[in-house]
Amino acid sequence: MNTVIANEEINPQKLQRAREIILHLQKQMPDYIAKGHGPFLAAIYDEKGNLIAQEANSVVSENCSHNHAEMNTIKAAEKKLNTYDLSSYNLSLYVTSEPCMMCLGGIMWSGIKAVYYGVPSQRVEEITGFDEGFKPDWFNEFKKRGITAYGNIEVKAGEQVLKEYVSGGHTVYRPER
């Protein structure tokens, strides 16, 4: 069993909200997968609980390696709010799996204030074979930058989605090395 982790003292209200949102995202994934999206979904909410943006992974469907769910969602939020700097909006990102190396950079530079994720990278790699990248001590690096992070939320539901994606024969992109 995965224990929830955080880079601050765990706030029960924040954790409950994250559980609800991430589980909701996991339940939506089969519909997105049926439309050709990858098995990852992200959503950005403001501090009042309003949904600002929600997007899925579209790497394979759009032939673009950086179209991860987090990056697509940040881009949609920036477009909606007409800014490249989201920091003044006090936004939180919820994602079905731990952000990869690229997405962590995008999150940090976007101005997002908090990140909540489901399946940890190690399990994503074990299930899908996708290389999550080198992410040294990112939890503490985010904390130093004032970004809250919680992880391992609703892991079982997320693992099930990933397993069904792989067993369904869907493409997992893996650049050749």
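These legends walk through several close-ups of one predicted protein model.

A word on the ground rules: residues are numbered from 1 along each chain as its sequence is written, and side-chain values use heavy atoms, leaving out hydrogens and water. Since this is a predicted model, local features need pLDDT of at least 70 and side-chain atom pairs count only at pLDDT 80 or more, while totals for chains, interfaces and linings use all residues.

**Figure 1**
Start with the overall picture: the protein chain has 7 helices and 6 strands. Here helices (H or I, at least four residues) and strands (E, at least two) are DSSP runs, numbered from the N terminus. Buried residues make up 50% of the 177; buried means under 20% relative accessible area, exposed means over 50%, and partly exposed is in between (1.4 Å probe, protein chains only). Now for contacts, meaning heavy atoms within 4.5 Å: among those between residues at least 6 apart in sequence, 66% join residues at least 24 apart.

**Figure 1. Inside the largest nonpolar core.**
A nonpolar core is a set of buried Ala, Val, Leu, Ile, Met, Phe, Trp, Tyr and Cys residues joined through side-chain atoms within 4.5 Å. The largest one has 27 residues, and those with the most contacts inside it are Ile44, Leu86, Leu91, Ile107, Ile112, Trp138 and Phe142. Elements giving two or more residues to this core include strand E2 (41-45), helix H4 (101-110) and helix H6 (138-144). Helix H3 provides the largest share, 4 residues. Zoom in on Phe142: leaving aside its neighbours within four places in sequence, Phe142 is in contact with Asn7, Leu104, Ile107, Met108, Val115 and Ile147. Apart from this core lies another, of 25 residues, with Leu15, Ala18, Tyr45 and Phe130 among them. As a bit of background, nonpolar side chains tend to be buried together in soluble globular proteins.

**Figure 2. Two cavities in the model.**
To find cavities, a 1 Å grid is laid over the protein atoms alone; a cavity is a set of points where a 1.4 Å probe fits but cannot get out, and lining residues have an atom within 4 Å of a point. Grid points are joined across faces, edges and corners, and a volume is the space filled by probe spheres set on the points. The count comes to 2 cavities of 30 Å³ or more. Of its 14 lining residues, the closest to the centre are Phe40, His68, Glu70, Phe130 and Glu132. Its lining has 8 nonpolar, 3 polar and 3 charged residues. For these classes, Ala, Val, Leu, Ile, Met, Phe, Trp, Tyr, Cys and Pro count as nonpolar, Asp, Glu, Lys and Arg as charged, and the others, Gly among them, as polar. The second largest cavity holds about 70 Å³ of space, and its lining includes Gly38, Pro39, Tyr165 and Tyr173. That lining has 7 nonpolar, 4 polar and no charged residues.

Glu125 sits in helix H5 and is partly exposed, at 33% relative accessibility. Beyond its neighbours within four places in sequence, Glu125 is in contact with Phe130, Asp131, Glu132 and Gly133. Gly129 is in the loop between H5 and H6, and at 37% relative accessibility Gly129 also counts as partly exposed. Setting aside neighbours within four places in sequence, Gly129 is in contact with Val124 and Arg174.

**Figure 3. Two asparagines with positive phi.**
Asn82 has a positive phi of about 55° although it is not a glycine. Asn82 lies in the loop between H3 and E4 and counts as exposed, at 71% relative accessibility. For Asn152, phi is near 65°, again a positive value in a residue other than glycine. Asn152 is found in the loop between strand E6 (148-151) and H7, and with 10% relative accessibility Asn152 counts as buried.

Key:
1 Å grid on protein atoms, 1.4 Å probe; cavity = no way out; pocket = protein on both sides within 12 Å on 5 of 7 lines; lining within 4 Å.
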